[in-house]
Amino acid sequence: MYFYPKDETRGCTAEACAFRDSHEAFTDAGAEVIGVSSDSVDKHAAFAARHNLPFTLLSDEKGQVRKDFGVPSVLGIIPGRVTYVIDRQGMVLHVFNSLTNTDQHVNDALDVVRNIQTEDSV
């Protein structure tokens, strides 16, 4: 599950497209990708269609899910960018927090998911 500031912004679009481009690797490893921002359901639908995003985008307009996960904001204004890898029992196994390093969110998450898959197959 990754939290991002806003649909159609440069960094958020790059991150979403990176998750899109790696989506098959995530699903092959048994993982599901879910993006969360405060944008509306309609904005998410347009964003997903425009960029061919094959994963779920959740609308957190009131910021409750962001708050529940403890996602920080930058300067108290800009919603943070945090990726969580969560196992099937709901345990958070990895957290990556960086507003600017969008590729690392995808790379780290995929590494953790692949490691889980390897451990589960042993």
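K6 counts as partly exposed, because its relative accessibility is 38%. In this predicted model, the side chain of K6 meets that of D39 in a salt bridge, with 3.4 Å from N to O. The two residues come from distant parts of the chain, 33 residues apart: K6 belongs to the loop between β1 (2-3) and α1 (10-21), and D39 to the loop between β2 (34-37) and α3 (41-50). D39 has a relative accessibility of 4% and therefore counts as buried, since the limit for a buried residue is under 20% relative accessible area.

**Further salt bridges**

Another joins E15 and R81, whose closest N and O atoms are 2.7 Å apart. This pair also links distant parts of the chain, as E15 lies in helix α1 and R81 in the loop between β5 (78-79) and β6 (82-86), 66 residues apart. Both partners, E15 and R81, are buried.

A further salt bridge is formed by the side chains of D21 and R20, at 2.8 Å from N to O. D21 is exposed because its relative accessible area is 57%, a value over the 50% limit. R20, at 26% relative accessibility, counts as partly exposed.

| Acidic residue | Basic residue | N to O distance |
| E15 | R81 | 2.7 Å |
| D21 | R20 | 2.8 Å |

Beyond these pairs, the charge count of the protein is 18 negative and 11 positive side chains. The centres of the two sets are separated by 8 Å.

**Overall architecture**

The secondary structure consists of 5 helices and 7 strands. Read from the N terminus, the order of elements is β-α-α-β-α-β-α-β-β-β-β-α. Contacts between residues 24 or more positions apart make up 56% of those with a separation of 6 or more.

The radius of gyration of the protein is 14 Å, which agrees with the value near 14 Å for a compact globule of 122 residues. Along the principal axes, the C-alpha atoms fill a box of roughly 45 × 30 × 25 Å.

**Burial and surface**

Of the 122 residues, 40% are buried, and D39 is one of the residues that count as buried. The accessible surface of the protein amounts to about 7000 Å². Carbon and sulfur atoms contribute 51% of that surface.

Conventions. Residues are numbered from 1 along each chain as its sequence is written. This is a predicted model: local features need pLDDT of at least 70, side-chain atom pairs count only at pLDDT 80 or more; totals for chains, interfaces and linings use all residues. Side-chain values use heavy atoms; hydrogens and water are left out. Helices (H or I, at least four residues) and strands (E, at least two) are DSSP runs, numbered from the N terminus. The radius of gyration is taken over C-alpha atoms; the globule rule is 2.2 Å times the number of residues to the power 0.38. Buried means under 20% relative accessible area, exposed over 50%, partly exposed in between (1.4 Å probe, protein chains only). Contact means heavy atoms within 4.5 Å. Accessible areas come from the Shrake-Rupley method with a 1.4 Å probe; for residues, only the protein chains shown count as cover. Lys and Arg count as positive and Asp and Glu as negative; His and the chain ends are not counted. The place of a charge is taken as NZ of Lys, CZ of Arg, CG of Asp or CD of Glu. A salt bridge is a side-chain nitrogen of Lys or Arg within 4 Å of a carboxyl oxygen of Asp or Glu.
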